[in-house]
Amino acid sequence: MGALGPNEWAAIFLSLRVALVAVICALPFAISVAYLLARKQFFGRQLLNVAVHLPLVMPPVVTGYLLLVVFGSQGPVGRALEQVLGLSLAFRWTGAALAAAIMAFPLMVRAIRLGLEAIDPGLEDAAATLGASRWRVFGTVTLPLALPSILAGVVLGFAKALGEFGATITFVAAIPGQTQTIPSAIYGLLQVPNSGPAVVSLVTVSIILAMGALLLSEWLAQRMARKVGR
Amino acid sequence: MLEIAVQKRMEDFDLDVMFEAPDGVTAVFGKSGSGKTTLVNAIAGLTRPDAGRIAVHGQVLFDHAARINIPVAKRRVGYVFQDARLFPHMSVQRNLSYGGDHDAARIIDMLGLGALLDRRPAGLSGGERQRVALGRALMCDPQILLMDEPLAALDAARKAEILPYIARLRDETRVPIIYVSHDVSEVARLATTVVVLDAGRVAVAGPVGQVLSRPDLVPLLGTRAAGAVIETRVAGRLLDDDLTELKFSGGRLLMPGHLGALGQALRLRIPAQDVILSREAPKGISALNVLPVTITDIVSGRGPGTAVGLRAGDDQLLARVTRRSAGRMELAVGMQIFAIIKATAVGPKDIGS
């Protein structure tokens with residue numbers, strides 16, 4: 001990996017940080033939304049379903065533009081966040097994490113929802129007859145049984161967040177060391193002559209990261225499947 | 001004591017039932033789709049009735065008029081589902097103690113669960129699963145026990161393995177048990193009271209011996225299900241012939257096998273289609289049991305069969321013969337005749353304690 005300069009290393013660590021933060025922050029919301037969609041009938045359910053899936057079908061650049069409008073320093077939410085929490089998103093790595101989270105969200109919700117739908121609601125009924133509160137039922141029955149699918153959602157989301165390009169570059173540009181993730185670094189290098197070795201190294205790192213995530217999730221899934229007894 | 005009045009609009013019929021279940025086992029009997037599970041779910045709080053009132057030992061669980069609806073988790077009902085519903089990601093031990101550990105040692109001992117505690121549900125047989133499910137329901141110290149066809153998924157051998165446990169439960173605890181079943185031999189063995197549901201209504205309710213031997217209920221119960229249930233006592237044992245002598249108010253019966261200790265109470269179901277009628281005391285036949293009886297009822301249905309209610313001592317028996325035979329024999333209410341019961345007609349599944 002001799003072709004990796006400080007800029008490339010910065011891009012790798014930034015990508016990992018952005019993807020991790022994005023997935024960790026999105027996970028509670030993804031589980032909640034998946035649970036609502038899988039188990040509850042309510043007004044506006046279809047609307048929620050569509051809204052969650054929009055980033056999956058919209059051009060990423062459009063998502064990035066909308067993020068800029070809403071969360072940018074002039075956007076309503078962006079300004080409020082900056083004033084109240086001192087949290088600035090535009091052209092910062094936090095903004096890259098938000099873009100990655102939004103793009104990964106539909107994939108996470110889909111995977112988790114599938115897992116929740118596969119759980120027999122009868123088990124939750126049984127837990128309730130044994131005196132368990134709704135929260136205890138969720139924590140001791142629903143969540144542990146959904147764990148393999150939650151894990152699948154996390155890995156999918158992580159991979160998506162690592163590879164996110166369009167929305168990220170539109171929302172937070174590609175400032176080296178700040179918002180330049182692996183994909184935007186590769187894209188940037190391709191615009192410059194004689195950067196072949198660096199591109200190959202970054203591409204190799206991408207592939208290794210993706211494969212590592214998959215292998216880790218497979219290994220964890222097998223361990224959990226044994227624990228769940230299936 | 002459980003008081004139930006439940007109304008609920010369903011897709012294909014309306015459930016509208018009202019009855020009282022005394023302590024002991026109350027069997028809710030009926031064809032599939034008659035509303036049994038909905039009724040039990042309403043007691044558990046898993047289904048909300050449109051109207052009615054449910055109370056256990058005087059404590060109100062649901063009262064539409066008073067706007068009371070205690071949540072499932074606070075009702076303290078033990079519910080044993082047909083499919084056990086053990087938590088697959090927990091050991092037997094953790095399943096058992098999920099709802100509490102009331103009287104744990106005794107329950108584990110009574111249900112023979114000691115050797116299973118470290119196992120996972122996936123590794124258990126169907127019968128073991130139901131025993132764990134029963135133990136789990138009991139360990140949350142329920143004030144009522146609901147069992148929805150707990151044995152329906154099991155074969156005869158597994159059923160025979162669990163029925164004695166349920167009988168012990170009935171005799172050793174004061175918890176009222178609602179036992180849903182469509183298997184009359186289970187009902188006959190366990191139940192104190194029977195409630196027969198038909199298309200969402202209570203067709204008949206009463207003590208098991210009276211309900212199952214009523215000739216007019218044969219069409220509702222089904223011809224195979226109809227049959228008297230009598231309480232007997234072991235009076236002796238014929239070692240050479242491997243027969244047990246049972247005594248009841250209407251006489252003595254010889255049944256094959258070793259059925260229990262001397263003096264032990266045994267409950268016997270005598271299927272209506274296995275009772276033969278004769279106007280004279282029969283001679284030279286192979287059947288061992290001939291009882292003098294009086295005809296109390298004759299009910300002809302739409303089919304070729306006729307149900308004949310018989311009184312033997314203080315007990316009620318039921319026979320099913322063809323209408324043609326009934327006519328030829330000139331059977332009439334009040335007539336004194338003989339009922340012949342083949343000893344081998346009463347199978348082991350018809351004998352309970």
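Leaving aside neighbours within four places in sequence, V141(A) is in contact with L123(A), E124(A), A127(A) and F87(B), two residues being in contact if their C-beta atoms, placed from the backbone, lie within 7 Å. The structure is a predicted model, in which local features need pLDDT of at least 70 and side-chain atom pairs count only at pLDDT 80 or more, whereas totals for chains, interfaces and linings use all residues. Residues are numbered from 1 along each chain as its sequence is written, and chains are lettered from A and ligands numbered from 1 in the order in which they are written.

V141(A) belongs to helix 7 (residues 134–163) of chain A; helices (H or I, at least four residues) and strands (E, at least two) are DSSP runs, numbered from the N terminus. With 24 other C-beta atoms within 10 Å, V141(A) is buried. The criterion for burial is 20 or more other C-beta atoms within 10 Å of the residue's own, with 12 or fewer for exposed and partly exposed in between, C-beta atoms being placed from the backbone. The C-alpha atoms of V141(A) and A127(A) are separated by 7.7 Å in space, and the two residues by 14 positions in sequence.

Chain B contains 9 helices and 21 strands. Its radius of gyration is 22 Å, close to the 20 Å that the globule rule gives for 353 residues, so chain B is as compact as a globular protein of that length. The radius is taken over C-alpha atoms, and the rule is 2.2 Å times the number of residues to the power 0.38. Along the principal axes, the C-alpha atoms of chain B fill a box of roughly 65 × 50 × 30 Å. Buried residues make up 44% of the 353 in chain B. Among contacts in chain B with a separation of 6 or more, 67% join residues 24 or more positions apart.

Most residues other than glycine have a negative phi. In chain B, R85(B) has a positive phi, near 55°. R85(B) lies in the loop between strand 7 (77–80) and helix 2 of chain B and counts as buried, with 22 C-beta neighbours inside 10 Å. D103(B) likewise has a positive phi near 55°. This residue is found in the loop between helix 2 and helix 3 (104–110) of chain B; with 14 C-beta neighbours inside 10 Å, D103(B) counts as partly exposed.

The contact between the chains takes 19 residues from chain B and 18 residues from chain A. On the side of chain B that touches chain A, 13 residues are nonpolar, 3 polar and 3 charged. Here Ala, Val, Leu, Ile, Met, Phe, Trp, Tyr, Cys and Pro count as nonpolar, Asp, Glu, Lys and Arg as charged, and the others, Gly among them, as polar.

The model scores ipTM 0.82 and pTM 0.82.
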